[in-house]
Amino acid sequence: MRYSAALIEHFRNPRNAGLMPDPDAVGEARDPECGDVARFYLRIRQGRVAEVRFQTYGCGPSIAASSAATEVVAGLDLGALEVLNPEGIEAALGGLPPDRRHAAEVVSMALRAAAQDVRRRQGMEREGVRA
Amino acid sequence: MKRRVYLDHNASTPVHPEVVAAMLPYFSERFGNPSSVHGFGREAREGLDIARDQVARVLGASKDEIVFTSGGTESDNFAIKGVAAARGRGHVITSRIEHHAVLRTCQLLEKQGFDVTYLAVDGHGLVDPDDVRRAIRPNTILISIMHANSEVGTIQPAAAIGRVAREAQVPLHLDAVQTFGKLPIDLDAIGVDLLSFSGHKIYGPKGVAGLYVRKGTRMIAVQHGGEHERRRRAGTENVAGIVGLGKAVELRERDMAGEATRLTALRDRLWTGVQARVPGVRLNGHPTERLPGTCNMSFRHVESESVVLGLDLSGIAVSAGSACTSGNVEPSYVLVAMGVPVDWAMGAVRCSLGHSITAADIDYVIECVVPLVAKLRELSPVSV
């Protein structure tokens with residue numbers, strides 16, 4: 001098997017998969033080359049990730065990377081989420097074959113986008129207060 | 001032990017035990033070089049002769065029209081380059097859904113100054129013989145069409161294309177790697193001048209194949225360095241492999257008709273079962289004019305590699321219709337040429353059945369496919 005046991009386990013039993021009703025933020029990324037789409041929903045409490053769910057269209061590694069990433073980012077503060085890199089996700093999967101590294105990249109991009117969405121919504125709220 | 005179901009027979013097949021038994025003596029006792037004049041050489045030569053007879057008989061050809069090669073890819077290369085080299089310049093007609101062995105070779109010819117027409121196909125993957133007729137030019141030197149497509153299984157109207165070729169006096173190369181030993185092939189009725197065939201698609205060994213070359217076909221060798229294969233293909237023959245190919249052909253001659261009927265029923269059982277229980281699925285390829293064991297299905301909003309991986313975890317081997325290389329996913333060029341929309345093409349999965357497959361296997365596959373596709377769709381943001 002060219003994939004690690006951890007990757008297979010995440011693919012077989014994805015954690016935190018599916019829609020989240022009324023999330024605090026949503027982030028999505030599409031890999032322009034392979035067409036994979038990852039979307040993450042966040043619930044934020046006191047500046048940290050309190051709950052995260054995902055929906056991903058793509059190959060097995062992309063689905064597994066999404067699942068692993070939900071465990072990586074649980075409890076993370078927004079600052080750390082904003083600079084999330086793919087290496088941590090790849091490590092959580094026990095590594096990826098070189099031609100599947102895009103799986104961790106698209107997932108980290110989507111999570112960074114979700115962090116930006118939190119900031120954007122917070123900014124909107126502040127503006128709402130000022131108005 | 002976990003159940004294992006191999007549905008990738010268009011990629012390769014297990015070597016039949018009788019084929020293995022026929023090959024074994026040619027690794028040890030009859031190991032001589034068939035070009036040697038001594039007894040050891042003669043024994044090896046005898047093995048080649050028997051195999052050539054077996055292949056020639058099933059094709060209705062004469063022995064000296066059979067050239068053994070190292071694989072279907074070499075056979076296709078030899079057919080096209082051999083004719084092109086003999087003519088020096090000219091125009092070749094092929095289709096957009098050929099195997100890369102044909103397409104890449106034709107692209108090379110273009111770089112060398114030849115003209116190539118790549119014919120479009122219809123939604124079922126069929127080449128229109130009238131398109132072939134319209135594409136013929138005064139300088140057309142070859143028509144190269146695959147008998148049946150390896151991905152979707154569509155069988156071309158070879159006899160109608162052959163008539164067009166004959167009328168125009170243009171040689172016809174039929175890439176029959178997927179049909180040889182699976183369907184009857186009448187060389188004269190079709191009007192074939194060159195025919196590629198292979199061993200490992202029909203329960204023979206890998207690394208051995210052949211090209212039928214009709215007497216009088218203008219072509220020259222593309223591999224030099226010896227007098228082998230009547231000076232058409234230099235290199236010591238893969239004797240054990242060729243003996244195995246001959247035996248495989250003999251066995252297919254015996255089993256082919258019954259197997260075709262059985263596999264057609266199983267193929268249709270698979271499609272009917274999946275179609276009844278999975279929404280958003282389509283069959284790729286011709287509904288009836290299709291290889292007995294081939295069922296290519298597209299699951300919309302699901303990426304084919306995740307289906308392949310999911311089924312693999314249940315012990316089921318199928319192949320993906322889209323190919324991901326270096327992080328770049330391309331939908332199958334065959335499906336794209338057939339006009340299959342990209343979001344369907346990305347979810348294409350090919351199941352190709354063979355002699356070990358039973359109705360119980362097919363039912364098991366259906367039982368695994370239904371929840372897998374449902375789960376992947378649940379995970380997918382593009383289906384909601």
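Let me start in chain A, where strand S2 (residues 37-45) is joined to S3(A) by nine bridges, and the two run antiparallel. This is a predicted model: local features need pLDDT of at least 70, side-chain atom pairs count only at pLDDT 80 or more, and totals for chains, interfaces and linings use all residues. Residues are numbered from 1 along each chain as its sequence is written, and chains are lettered from A and ligands numbered from 1 in the order in which they are written.

Some terms. Helices (H or I, at least four residues) and strands (E, at least two) are DSSP runs, numbered from the N terminus. Two strands pair if DSSP finds at least two bridges between them.

Back to that sheet. It is open, has three strands in the order S1-S2-S3 of chain A, and pairs antiparallel. Strands S1 (25-30) and S3 (48-57) of chain A stand at the edges with a single partner strand each, so one side of each has no neighbour in the sheet. From one strand to the next, the twist averages 20 degrees. Angles here run from 0 to 180 degrees between N-to-C directions, and axes are lines fitted to C-alpha atoms, for helices over the stretch in contact.

Now the pairings. A:Arg43 has its bridge partner, A:Glu51, in S3(A). S1(A) and S2(A) pair in the antiparallel sense over six bridges. A:Glu28 has A:Arg39 of S2(A) as its bridge partner. These two strands, S1(A) and S2(A), form a hairpin with six residues between them. In the turn, A:Gly35 has a positive phi of about 80 degrees.

Which side chains of S1(A) point to the buried face? They are A:Ala25, A:Gly27 and A:Ala29. Buried means 20 or more other C-beta atoms within 10 Å of a residue's own; exposed means 12 or fewer; partly exposed is in between, with C-beta atoms placed from the backbone.

Take A:Gly27. With 22 other C-beta atoms within 10 Å, A:Gly27 counts as buried. Leaving aside neighbours within four places in sequence, its contacts include A:Phe40, A:Leu111 and A:Asp117. Contact means that the C-beta atoms of two residues, placed from the backbone, lie within 7 Å. A:Phe11 is 16 residues from A:Gly27 along the chain, and their C-alpha atoms are separated by 21 Å.

Next, the helix on this sheet. H2(A) lies across S2 and S3 of chain A, at about 175 degrees to S3(A). Helix H2 covers residues 60-73 of chain A; at 1.5 Å a residue, its 14 residues should span 20 Å, and its end C-alpha atoms are 20 Å apart, which agrees. The expected span is 1.5 Å times one less than the number of residues. Of the 14 residues of H2(A), 13 are buried, so the helix is largely enclosed by the rest of the structure. Just after H2(A) comes A:Gly75, with a positive phi of about 85 degrees.

On to the core. The largest nonpolar core has 150 residues, and A:Val107 and A:Leu111 have the most contacts inside it. Helix H9 (residues 239-277) of chain B gives the largest share, twelve residues. Such a core is a set of buried Ala, Val, Leu, Ile, Met, Phe, Trp, Tyr and Cys residues joined through C-beta atoms within 7 Å. Not counting residues up to four places away in sequence, A:Val107 touches A:Ala38, A:Ser62, A:Ala65, A:Ser66, A:Ala69 and A:Ile89.

Now chain B. H9(B) lies across S9, S10 and strand S15 (348-352) of chain B, at about 15 degrees to S10(B). B:Asp255 lies in helix H9 of chain B. B:Asp255 counts as partly exposed, with 16 C-beta neighbours inside 10 Å.

The sheet in chain B is open, with four strands in the order S9-S10-S15-S12 and antiparallel pairing. At the edges stand S9 (281-284) and S12 (319-320) of chain B, each with a single partner strand, so one side of each lacks a neighbour in the sheet. Four bridges join S9(B) to S10 (residues 294-299) of chain B. B:Asn284 has B:Asn296 of S10(B) as its bridge partner.

Last, the contact between the chains. How many residues does each chain give? Chain B gives 18 and chain A gives 21. On the side of chain B that touches chain A, H10(B) gives the largest share, three residues.
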